[in-house]
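Good morning. Please look at the structure on the screen.

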Amino acid sequence: MGKAAASSSCSGTRGLVSLLSAVPCLACKQPPPPPPSPAAMSLSAASSEGPPPLAGPPGSDTYKGWLFKWTNYLKGYQRRWFVLSNGLLSYYRTQAEMAHTCRGTINLSTAHIDTEDSCNIVLSSGGRTYHLKASSEVERQRWVTALELAKAKAIRMRDNQSDDSGDEEPGSQSDKSELHSTLKSLSSKLEDLSTCNDLIAKHGAALQRSLSELENLKLPAESGEKIKAVNERATLFRITSNAMINACRDFLELAETHSRKWQRALQYEREQRTRLEETIEQLAKQHNSLERACRGAPGLTVNTVTRAPKGNVLTVKGEASDEDEDTEYFDAMEDAPSFITVAADPTKLHRRTDSNLSGASEGRAEDWNLEDSVFECSTRSSFDVTGKDVMSKKSRRTRIPDKPNYSLNLWSIMKNCIGKELSKIPMPVNFNEPLSMLQRLTEDLEYHELLDKAVKCESSTEQMCFVAAFSVSSYSTTVHRTAKPFNPLLGETYELDRLDELGFRSLCEQVSHHPPAAAHHVYSRRGWTLWQEITIASKFRGKYLSIMPLGAIHLEFHSSGNHYIWRKVTSTVHNIIVGKLWIDQSGDIEIINYKSKDKCQLKFSPYSYFSRDVPRKVTGVVMDSEGKAHYVMSGTWDEKMEFSKIVQSSTGCSNTEGKLPKTVYQTLSPRILWKKYPLPENAENMYCFSNLALTLNEMEDGMAPTDSRLRPDQRLMENGKWDEANMEKQRLEEKQRAVRRQREAAAVVALEEGKDYEGYIPLWFERKVDPATGELICVYKGGYWEAKEKQDWSMCPSIF
């Protein structure tokens, strides 16, 4: 037993010594990370095999040559000139660029070199990855050999640099002194251990002498065996203590050996972080200066400077920070409308006067000689009224507490969420605005007067113009609103009762949580009803966020029975990683009158760096059931919409590029249908809310206990208590998850008992098949306003 224990102790000591002696190998040779997936695109057929790499003069570390670098899925691999020198691998578009523009650099001392197949090389360092491809396996092997040699030399140079080289920052002196103090403490403890070892050896030797003397005495045989065993144990004890001291001494020597390398590695990381911070700060300063230059010089030519929407993004041609191949561009020609409008010849038209046709968009009532007077009274004075004047019957609040100045890095949260559904990502309230999605949905009614005027139209095509302008107006509130609304809880509601003031009342309810879906119903005593069920699908793509509203919007006019249906376009939030956030709308809206079969095709053109058109452009044509065009719609979704009456249409000449000829419409002078209300004073400190948005979260009397105005985290955020709002938001979400788990457990029990389980049933809406589209949609089943009148909310769940 004693021998076994001693043997185990000795083997454990040898294992410790072996492990410590292996530490330098582990520190110097880190295993490379698993290689990324190979690129799913081959080399372009037009790319030719380049010459072999060029070595520099004898004794130099320079290595040059052509390699193919992966850029993106649109352009695939592009031919680039690479230069390996002094442990740095840099690349250029051409050899001539070496004199002035470097497209990117990787430090090989911290890089991982992987090979995917016979011709591929993958370099990764500090979050940056280059996927390279050589023209042949032999050329790839030359490059890999050169890269490995350069990396080994760069690591040696970094490790062998002395601590007193003079290139360290003063801030590292404290770390150096702390490290030396630790080593001094270790040395002191080692001296204590050595003293103890000497004493153990001295006393052990004396013990062994005494035991030897005992063996020489004439004792019984059994006593002699016991003394011999004690002697062996004492010998093993002395060997073990010596091994312990040797292990401690080896550890101290190892710590002293590697202290310099650890310190150099720490200093290198500090320098890299400082350099990155300085670069980001410089980029932010350049971004701000470019914005100011853009605002201060609006007359610059398009060929020199291209302005993004409202100065949010500015790109100067000919200047590229890295490679511009990763930038997303849109082809302006592909997004151009399929028709052309020209002003009609005034001498050939029957007009009320000969001097009223000017071609300018003045919105004058005398421009057109229409058979009815709907447009006569719709454009002159209605848009001079601000939201404050519209709500003059009842005093509403005109401001909310200013937004606190909280700084939070969006990229630090979103970088792990690429490709995920946005509604499933836990986000702090710092990225929200103090409104729920139900309130944002209700905000589409800000320009409801367009529908009030559309009721008076006798012609369905004229009515379609107002409906089209209303569908565009709902996006005007999003241009400055980059914050996301609160995701409603299941069963949450929102009412907007403006029946006495504006003639309508609205009700929203969250009818599904995953996927998130909200049902909306609006009734107007002025002759129209609107209903919709909207599901928001969103994906984070790294550089931008796409938001796709799913579901149809229904609008029916009571007197005529005209039933209009359309769907929303895709919203895109750009500059998620760096720069100022800005929003763009893109896609097509097709509005169909299911009674008269009239149609309106609206096109939201995506922003293009190369387009000469105004940003946020919207164009469209209103046609009757026979396909005849009556009106041309034009404008921007953030400012105004105009319409022009078509007097003649013709087909243009076909071109030599094989494209279909465009239709040419001769129109009268355009007139304004809709114009955006100005934002209230100090809007930039109030989340850029419009006058209507400022009133949406204002407390009302008699509302349901599930109303969004009573949501505590949203109210705390509006009052500027963001820390408390984040805690409350977590509590509400956990409560909702607990209820969902109870519902799932009930479904399991029902399944085991062979019963049907209906799942969650909305309180104020029910699912029905829409007769026009054949889709299953949540429609209002009634009872809410009656319950409000009676103040009977006993059926409402407790969600807050």
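Which charged end sits over the ring of Tyr-77? That of Lys-133, 5.4 Å from the ring centre. A charge sits over a ring if NZ of Lys or CZ of Arg is within 6 Å of the ring centre and within 35 degrees of the ring normal. The charged end of Lys-568 sits over the ring of Tyr-475, at 5.3 Å from its centre.

Some background. This is a predicted model, where local features need pLDDT of at least 70, side-chain atom pairs count only at pLDDT 80 or more, and totals for chains, interfaces and linings use all residues. Residues are numbered from 1 along each chain as its sequence is written, and side-chain values use heavy atoms, with hydrogens and water left out.

Now ring pairs. Rings of Phe, Tyr and Trp (its six-membered ring) pair if their centres lie within 6.5 Å; planes under 30 degrees apart count as stacked, over 60 as edge-to-face and the rest as tilted. By this rule there are 18 aromatic pairs. In one, Tyr-447 and Trp-674, the ring centres are 5.5 Å apart and the planes are at 85 degrees, so the pair is edge-to-face. Both residues are buried, meaning under 20% relative accessible area, with exposed over 50% and partly exposed in between (1.4 Å probe, protein chains only).

For Trp-764 and Tyr-784, the ring centres are 5.2 Å apart with planes at 90 degrees, so this pair is edge-to-face. Trp-764 and Tyr-784 are buried. Together with Trp-785 and Trp-793, Trp-764 and Tyr-784 form one aromatic cluster.
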